[in-house]
Amino acid sequence: MSGVFVRISAAEGNRPWAVNSEGVVFRYNGLWWENKDTDVVDVAADAQGNVYIAKVSGEIKKWNPLRSEWKPVEGQAYRIALDMAGNPWGVTRDGRIGAFDGKTWGAMPGRAIDIAIGGNDTVVIADAEGRVRIWDKSQRSWRAVAGVEGVTATAATPDGGPWAVITDGVIMATTLLVEPEKIKTEEGRAPEIQAPQADAPVDSAPVAVASGISATPVTPTAPVAPSAQATPATAPAQTAETLSASPVSPETGGAGQTAAKTVAPATGNPATIDPVAVTTKEDITFVNTQKIAATLAIGRDGSVFGLDVGGNILRWSNSRKQFESFPGTLVRLAVDALGNPWGISTLGRVFRHTGNLWKQIPGATGSDIAIGADGAVVIADASGTLSKLNDAMTRFDRLSGQGLLVAVAPDGTPWTIRSDNLVQRCASLPCEIFAQKAKSIAIGPDGSVYVVSDRDLLMRLGTDGKTFEVVRTPGHTPKSVAVGPNGYPWVVTMDTLVLASTFFERDEQADRATAVATAGDTTGSGSTAAVVDVPSDNAFTFSKNISFDTYVTNLNTIEEFTVGQNDDVYVYGTPQNQGANQFLKFNNTTEKFEEVSLSFNQNLQNIDVASDGSIWTTQNGSVYQLSSTGSVRRTYSVTSGSIGSLSIGVDGTVYVVISQKLYHLKPGTSTFTKFSNDDVGKVAVGRAGDLWIADSGNIVQQFTGTKFENRPLGQSVSVEDIGAGMDGSVYISSWNGSQYVLKKWNATNNSFDTVKNTNANRVDVMSDGRPWIANTSSNTDVKRGKD
């Protein structure tokens, strides 16, 4: 091939990435090499499309193919490799080895100069003494491979066999390493080596089967591709250890589940069996996909979509065994019969994807959305009113029934969860109430009704059509459920892991092209509405007092106070001895604030903490990104003027107020750009990019997608501070003429309701909606809401 390089990595589509001697990283597009970045020392890619680079500075970045840009990733590395889950392992310049599990880096023993990972997750290093070593997970140690010395680089084959380069440039090959002279023939040539015939598809690694999983083989109604087999024995690699389920043997014929439904063909031929409406008779046994999401929805064609914690849309790929980015940001999700996503934005606006663009349903607002197998689209608003989309897709018409969360049966009948958590079926008035409380509900195209109960159990409506039976998810606590063809459920756990009971076969060839070609967005315009959960504090009068735990900071004054994107809580201020300012972090184990020693030698102003633990702060016309210990990762020069506030969104977007104008830094970019021309004093970011500000006159406002509007609309509420959580909760601190009071936004009533039993002039909100407050006008204690 053309090109001269010093590092190279195989990648998706057999199109490698490589780094030249000048630190430029290239991707081969099939015809030529494309320049993708500079100052790079190593690159690692895999067959699933993941690509990471290590920069000269040690910074790690991940390639975003949809945006054609690099996104910074926590950690430091000089050499890098990817495991089967697509997570990076790294070696720093001083030889330290680390492994990333998707959330945090873990330190590994030993020292290395290079690292590689095989197709069966065998990790191979070239150690500091020039020997090849293989990671022994059971012993948590590196096992030396005999027969080779002076190794400078290493690689690993699909079956884990190590290859190595030694100091004189000789390549040592095959699983058992031997001396170079042993593999040379009398003619001075190495004998031709024939690899054994591979049984697995070329784009998938050998299957790693979790112990303890068993299920009767599924007999599909149509041919199923190997990568989409439903039984755990052929589930995606990287399944959880000892994940199993007790047998659940569904029967058919009950009110909630039907053995087979028929659809009348347009040709007038006799009715035929709809294959997706046939309820499986197999045991429901879950496989841990090792991927994360906040919620899921499944279409009758088997398309699985999800939302991450930031509201970004995800689409599951069977072939790549992962979620891939899909354009749009929502807080509620549904999938139609053609596999197109629908949803509701953080402002309550309703959107549908047509197959090539996002379109807003004119004038429609809601709080939850569901689509039945017959195509019926039903929404519920924050007051529990149900509405159905008309055939022209121009408006939603009122339906009988009531509920805050909705699912739709194959015949179009809505099922709901009420504000008191009771499940009901709304075929007619009054709705049929079930003796079951739940917080999530979903119905498959076969009519299977699944819920996650108020006690965090996955349950399915039994054959009697009246009671729900438990479906086990051993080792995991369900949070929400979605149901696909043949009644197979997928589950999101409390720790956001996704569990699958089968992988629905479908043609995925156009998925990425659809994502790239999608036009429009999910911002919209016009009316807004509340999006609520059950149970919730969205009652028509928010009168409940909140109990707080109090924590002592031992500071003389608090100058900065924030809840980071990772829910860590920080305060910054002067100590009682009037010495240098202290930066304190709340220790959840000891429940005390402890000082964090920072190498940053300037005062912290306008601080927030990103999900990777990096500290963002401002000083003298610059925005600084610091490591968790205060070393400067990056300095951003911003337009001249005073900096008044800083906040980070769940998606990593950094917002900063400069001379009463709002600027933002999008992930993967390097420049702060102006967001709006409105006068801004403070900024806070909530669920799915929900943007709130206090304007230059301290009046609280919410961004509608096109402009900032007073909240409540038509009123002017003055605030001292504002905080927003990923669950949609928004709190403000307001002066009532004699003291600071804490208030919570009630979108249903379009009002701020007072929390009656506390006073606060500083507030921020955790991802679960619990507020942290301080009343610095009286003391330096910090309080955390118990509810």
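The model is predicted, with local features requiring pLDDT of at least 70, side-chain atom pairs counted only at pLDDT 80 or more, and totals for chains, interfaces and linings using all residues. Residues are numbered from 1 along each chain as its sequence is written, and side-chain values use heavy atoms, without hydrogens and water.

The mean pLDDT (the predictor's confidence in each residue, from 0 to 100) of the chain is 85. A value of 70 or more is reached by 86% of residues. Over residues 176-270 the pLDDT is below 50. Where pLDDT is low, the predicted coordinates should not be read in detail.

β38 runs antiparallel to β37 (residues 432-443), joined by five bridges (pairing requires at least two DSSP bridges). Ile-441 stands opposite Val-451. Five residues separate the two strands of this hairpin, and Gly-447 in the turn has a positive phi of about 95°. β38 also pairs with β39 (residues 458-461), antiparallel, over three bridges. Here Tyr-450 stands opposite Arg-460. Four residues lie between β38 and β39 in their hairpin, where Asp-456 in the turn has a positive phi of about 65°.

The lining of the second largest cavity (grid points, 1 Å apart, where a 1.4 Å probe fits but cannot get out; lining residues have an atom within 4 Å of a point) includes Trp-316, Trp-490 and Arg-506.

Methods:
Contact = heavy atoms within 4.5 Å. 1 Å grid on protein atoms, 1.4 Å probe; cavity = no way out; pocket = protein on both sides within 12 Å on 5 of 7 lines; lining within 4 Å.
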